[in-house]
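Subject: Structure handover

Hello,

Please find the structure below. My notes on it follow.

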Amino acid sequence: MGQPTPARSADWWRSGVIYQVYVRSFADGDGDGTGDLAGVRAKLPYLAALGVDALWFTPWYLSPMKDGGYDVADYRAVDPAFGTLAEAEKLIAEARELGIRTIVDIVPNHVSDQHPWFRAALAGGPERELFHFRPGRGPHGELPPNDWRSEFGGPAWTRLPDGDWYLHLFAPEQPDLNWEHPAVRQEHEDILRFWFERGVAGVRIDSAALLVKDPALPDFTEGVDPHPYVDRDELHDVYRSWRAVADEYGGIFVGEVWLPDTERFARYLRPDELHTAFNFSFMTCPWDADGLRAAIDTTLAEHAPVGAPATWVLCNHDVTRTVTRYGRADTGFDFATKTFGVPSDPALGTRRARAAALLSLALPGAVYVYQGEELGLPEADIPLDRIEDPMHARSGGVDPGRDGCRVPLPWAADEPYAGFGSRTEPWLPQPAGWGAYAADLQAADPGSMLALYRAAIRLRSVFGDGPLSWLPAPDGVLAFDRGGVAVVVNLSGESVSLPSYRRVLLSSVPLDSDGRLPSDAAVWLRRS
Ligand code: NOJ
């Protein structure tokens, strides 16, 4: 490891590279089959060498893991499978010494059914007010209080032995909180303070647009505005109070806001609300020049009026790995159409994922890199009896679920379990040949995905803070200039000639012998 990098300015979140750590699958420090904080601490030099500005940790709190930790039983405790609170504090401090900030993941829409509030509610206490408990419909209350569906499939209500029903927009083990209740609001502000006090620089907000429900809990009617639980106006008051808390600590927010309406999306990014939100329109866009250009233009246009930086995301722990997605006939992503057995060409997908990495790392704003993307990992097929994600079971077995992008990382080709660190089989099985993607092999190979990510992250400061201006380009080609650097991405079926330049800074594949850019490739060109 070289000299510690001095931490960047207070504006790191406007243009930084943020690496998403899915702790359970990152690195296993104690060998028990589950990734942990000791594993992350041991790999901090790797993350520093990759050059990232911050780490976003998916929830590391005490959890029965019915939804990979998004079912939180105690927001102030680290799950023993991952380590201790003291270790989390050490990790935050050690990362910071390397110039790497920490973002934690807060889950405000729901808690685990093992959370003390829900247990007390089940015991009939006044804590019921903190959730959505209702009698059922029908002569004997045998029908759910309304027709809402869980995001994971099936009804959004579960009936208790005493006859009442409770609301859960996700799994039954994730009861929704009642955001009308002042104690719920107070508790979350306290939780934010708890983590800011421990040195975290930011908070990712899970399901950020779902918290507030229409108190009448009406049936859902397609097209009726406002929606009974998505993007309700009352949410903005919540985030204004949160922002006041974050400002006391210089902390930032990134919201998980899935909204197709760009104007509604941008409301969350007003100067007194969230600093940033994930850009899912770019992530789900097919590998298509017109579509990507439109997604980029829309993104920049929706952020400009509120002065918030864009974020660029290719993948996360919920979606199909980029390499696999881009190697398919349908290169977009949609939860609704996920099925087993979709063929994918790994060589084509990898080639496109390399080009997409150079595209996203060149755009103005912050870039999120999900662990393993820098290794070019494909989506793995998980044996049916090992799938844990509730999306699989709740879809009646139709949806493969999200475990295929959550497989334990390969660190060392020749070690057991590809160097994940386990002495016993990891919690999710790694496919045969996983060692071929190992970080140690890739670190020694200048043509690897890891080498490309490292070079791109190191070089991307050449773009400065400059805006993007599109350059003329043939059909199927994206070309723009930022800060005197031309970025050309060729999504057409043929090689293309390049604008005049002084030097090739980086390319996803070698240029043709006549200097043309091959198909499904990208290049950064210094023009002066
Ligand atoms: C979004 C998270 O990214 C996902 O993994 C989780 O299942 C849901 N929110 C529910 O918390």
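Before the rest, some ground rules. This is a predicted model, in which local features need pLDDT of at least 70 and side-chain atom pairs count only at pLDDT 80 or more, while totals for chains, interfaces and linings use all residues. Residues are numbered from 1 along each chain as its sequence is written, and side-chain values use heavy atoms, with hydrogens and water left out.

T331 sits in the loop between helix 11 (322–326) and helix 12 (346–360); helices (H or I, at least four residues) and strands (E, at least two) are DSSP runs, numbered from the N terminus. T331 counts as buried because its relative accessibility is 7% (buried is under 20% relative accessible area, exposed over 50%, partly exposed in between, with a 1.4 Å probe and protein chains only). Leaving aside neighbours within four places in sequence, T331 is in contact with C285, P286, W287, R325, Y326 and R352, where contact means heavy atoms within 4.5 Å.

Next, the backbone. Most residues other than glycine have a negative phi, and most peptide bonds are trans. The bond joining D225 and P226 is cis, with omega about 0°. P226 lies in the loop between strand 9 (202–205) and helix 7 (235–249), and D231 also lies in the loop between strand 9 and helix 7. Phi of D231 is positive, near 60°, and D231 is buried, with a relative accessible area of 10%. Y417 has a positive phi too, near 50°. Y417 is in the loop between helix 13 (390–394) and helix 14 (439–443) and is partly exposed, at 29% relative accessible area.

Last, the domains, whose bounds come from an automatic or database domain assignment. They are domain 1 (7–108 + 183–459), domain 2 (116–167) and domain 3 (466–526). How far apart are the centres of domain 1 and domain 2, taken over C-alpha atoms? The separation is 30 Å. Between these two, 19 residues of domain 1 are in contact with 18 residues of domain 2.

Regards
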